[in-house]
Amino acid sequence: MGAEVSTLPPKSDLPYPEAWAKFAGDAAAARGALAAISELDTAALLAATPPVPELRPDAWNFQEFMGCAQEALNIDARLQKRIDQIVPKRVLEDEFWRLYYCHAYDILNGGSTLSTTSAGSGSTPSPLNMALLKVSDDSTSNAIISAFKDDTTFRILSQKETDGILSRDAEDDEKLAAGIAKAVAKGVVEKSPPVEKTCKINVLGKSADVVAAEILRHLGDAPKTGCVLVLQGLSGTGKGTTVAKLQATLPRAACWSNGNVFRALTLLACAHCDKLGIPLSSEVLTAPLLEALMSCLKFGKFNGEFDINVKGHGYDVLVSEVANTVLKEPRVGKNIPTVAEVTQGEVIKFAAAAAEAMRADGMNVLMEGRAQTLDYIRTPHRFELTLPEPIIIGMRRAAQRMMGSALTGLKDASDPSAEAVHIALEESLAKMLGSSVPAAAFGQPISLSSAVLEAGDDTSTNSIIQAFREDSSFLLLSKREADGILRRDAEDDEKLAAGIAKAIAKGVVEAKPPVEATCNIDVLGKSADIVAAEIIKHLGDAPKTGCVLVLQGLSGTGKGTTVAKLQASLPRASCWSNGNVFRALTLLAVTHCEKQDVKLDAAALTPALLQELISCLEFGKFNGQFDIKVKGQGYDVLVSEVANTILKEPRVGKNIPTVAEVTQGEVIKFAAAAAEAMRADGMNVLMEGRAQTLNYIRTPHRFELTLPEPIIIGMRRAAQRMMGSALQKLKSQASAEDVRLSLLQAAKEML
């Protein structure tokens with residue numbers, strides 16, 4: 001393993017804790033299954049969530065797993081390569097192994113994990129073409145996910161879909177919990193029913209047919225004589241589709257739903273209130289009335305088929321006869337929530353008795369829903385559909401929405417190519433992202449003109465966005481620009497993380513600095529002047545005596561422009577950049593290596609040499625001004641004197657990445673000390689950049705510029721590019737229509 005692991009406890013015979021063997025099954029098969037972890041893409045591997053308390057970050061004890069980790073390395077040669085790729089660039093080694101065992105636990109406990117194809121199918125997805133798009137099933141969704149899994153904007157849409165689904169599930173769970181709590185309080189159901197063991201099935205990358213077949217294997221011979229099967233899981237895991245497959249496969253299978261029971265009760269409650277001339281409310285639904293209403297429902301065989309007889313309050317009908325008529329009346333529909341809230345327990349008991357009656361008659365009863373209600377159904381055949389990462393639910397939903405939109409867009413196309421299908425899907429994604437941006441976000445619409453473009457400011461870009469915000473070419477260009485910006489930001493963050501991880505390993509900086517509260521400022525629809533004024537208001541009187549202000553945020557949120565506005569407004573303001581510190585260190589490193597006639601690489605930059613080079617830099621006042629003095633390796637100069645000469649030499653520029661990778665910690669400390677020295681002298685120090693480095697600057701004045709929708713960053717960049725291109729081609733005194741056409745042509749040429 002990596003450098004942090006120096007000794008190991010006695011060798012383990014298993015690549016996982018012995019306690020896990022009780023659910024891991026066959027050891028040889030388990031070893032083979034764990035090999036899938038080393039094939040994960042980095043994002044998926046790092047996205048693991050703790051399935052048990054011992055794997056939570058605050059409880060993780062790597063020492064207890066070290067012997068197992070060594071055995072995991074022994075059985076999977078690829079694992080060490082993944083460690084070399086990720087440690088310490090993204091995480092330290094003990095964290096890598098915590099994440100590894102989160103995935104391992106899920107796999108061994110009957111699941112799978114997110115792989116690099118088809119969001120975890122483990123197999124090559126079908127080619128994404130028009131024929132597959134028309135199929136519109138899980139194979140289509142998997143192909144779309146595979147095609148867009150590395151697209152940052154697709155992941156953003158997927159996360160939004162995930163958040164929406166989980167939020168709705170949580171709301172439904174809360175309502176169910178309230179209803180069941182009332183049932184428990186009334187003594188209708190027990191508080192903690194004796195729930196049988198549930199078989200969890202990871203549906204990642206599996207079709208509904210495969211999942212259904214897996215459930216059938218678990219059922220064994222039970223369907224021959226009849227059984228009750230309950231199926232639970234989050235929305236989006238495929239419960240409904242799986243139940244449909246099971247119903248088509250099993251003999252004498254019936255799907256049970258509580259929906260018509262609630263509708264029947266609501267119908268009776270409405271009739272009762274109508275007779276009394278009172279509105280239906282929860283106060284009316286007293287315990288005696290509910291008992292009377294429940295007594296009007298009878299489950300059994302009628303005309304040779306199982307059904308529900310509704311008899312009372314003027315009715316004597318079978319549910320099957322009125323399911324699509326009386327039970328669908330508006331007065332029933334609007335009052336269901338009121339009735340359901342106070343009859344959860346009664347309906348649960350009714351459903352359990354009905355399911356048992358059908359089972360006793362040799363039927364196979366399929367019940368899908370929430371665990372909170374299904375826990376009251378007694379059966380040994382319990383299943384839960386799971387996904388290792390919640391975002392996969394959102395990916396499925398996003399893929400389904402893109403599929404539907406693309407099909408609509410291509411309905412008149414004659415045999416579109418695979419490329420055309422991909423572009424149609426990408427346009428659909430762009431439209432979905434763009435639709436979430438309010439029109440008012442870019443201020444009052446201003447007619448496009450040559451004068452507006454020539455202004456070249458935020459008013460110009462906002463006017464272009466307003467004019468083209470529903471245009472498919474503009475949205476697609478915006479989506480691609482956003483994806484590029486976010487991707488580059490992620491790459492830069494990864495490089496920074498690698499440098500900081502090395503600094504932590506060397507003991508140069510601490511792993512978790514005590515970061516002060518950060519003030520988030522939504523810049524949507526605001527000019528740089530307004531954003532700067534908002535920051536100055538938050539600063540209060542601090543600038544009068546000097547302060548350090550840090551400003552972070554994604555690329556494209558306007559950090560540079562805002563800092564320029566602040567510098568122009570605040571007294572004795574200075575913008576700090578680490579750039580010249582890295583250049584000065586690189587100059588010293590290059591000179592050292594030239595003298596030693598060795599190649600400048602990571603191996604040459606030993607801790608001792610880095611300490612020597614840092615000692616050659618001194619920050620302070622020189623000639624009455626703050627500056628950096630470079631003294632060593634034959635130099636004795638101020639950075640201000642050589643910033644545009646020696647420090648810009650090619651031999652310096654090309655080697656900066658090599659030096660920066662191993663000096664992040666040293667430069668962060670140097671910058672923090674310099675900022676504090678200037679603040680103590682009464683200056684206002686402005687520092688903008690990445691949170692990873694700014695977190696090491698101690699100051700109470702922390703700000704982050706944000707945008708509610710990342711595609712807005714792409715819209716801004718697309719508008720700027722279109723404006724630049726159009727200005728080069730437009731003639732003086734061009735008409736508004738010429739301006740619009742020129743901008744549109746620019747967008748199309750950039751795609």
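A quick note on the ground rules: residues are numbered from 1 along each chain as its sequence is written. In this predicted model, local features need pLDDT of at least 70 and side-chain atom pairs count only at pLDDT 80 or more, while totals for chains, interfaces and linings use all residues, and side-chain values use heavy atoms, with hydrogens and water left out.

Take strand β7 to begin with. Strands here are DSSP runs of E with at least two residues, helices are runs of H or I with at least four, and both are numbered from the N terminus. Strand β7 covers residues 364–369, and five of its six residues are buried, so the rest of the structure largely encloses it; buried means under 20% relative accessible area with a 1.4 Å probe, protein chains only. Strand β2 (residues 227–233) runs parallel to β7, joined by six bridges, with Leu-231 opposite Glu-368. Strand β3 (residues 253–256) is also parallel to β7, through four bridges, and there Cys-255 has Leu-366 as its bridge partner.

Next comes an open, antiparallel sheet of three strands, in the order β12-β13-β14. Two strands pair if DSSP finds at least two bridges between them. The edges are β12 (617–622) and β14 (635–638), each pairing on one side only. From one strand to the next, the twist averages 25°, with angles running from 0 to 180 degrees between N-to-C directions of axes fitted to C-alpha atoms, for helices over the stretch in contact; contact means heavy atoms within 4.5 Å. Four bridges link β13 (residues 625–632) to β14, and Gly-632 sits opposite Tyr-635. Helix α30 (residues 656–680) lies across β12 and β13, at about 15° to β12.

Conventions
Buried < 20%, exposed > 50% of the residue type's maximum accessible area, 1.4 Å probe, protein only.
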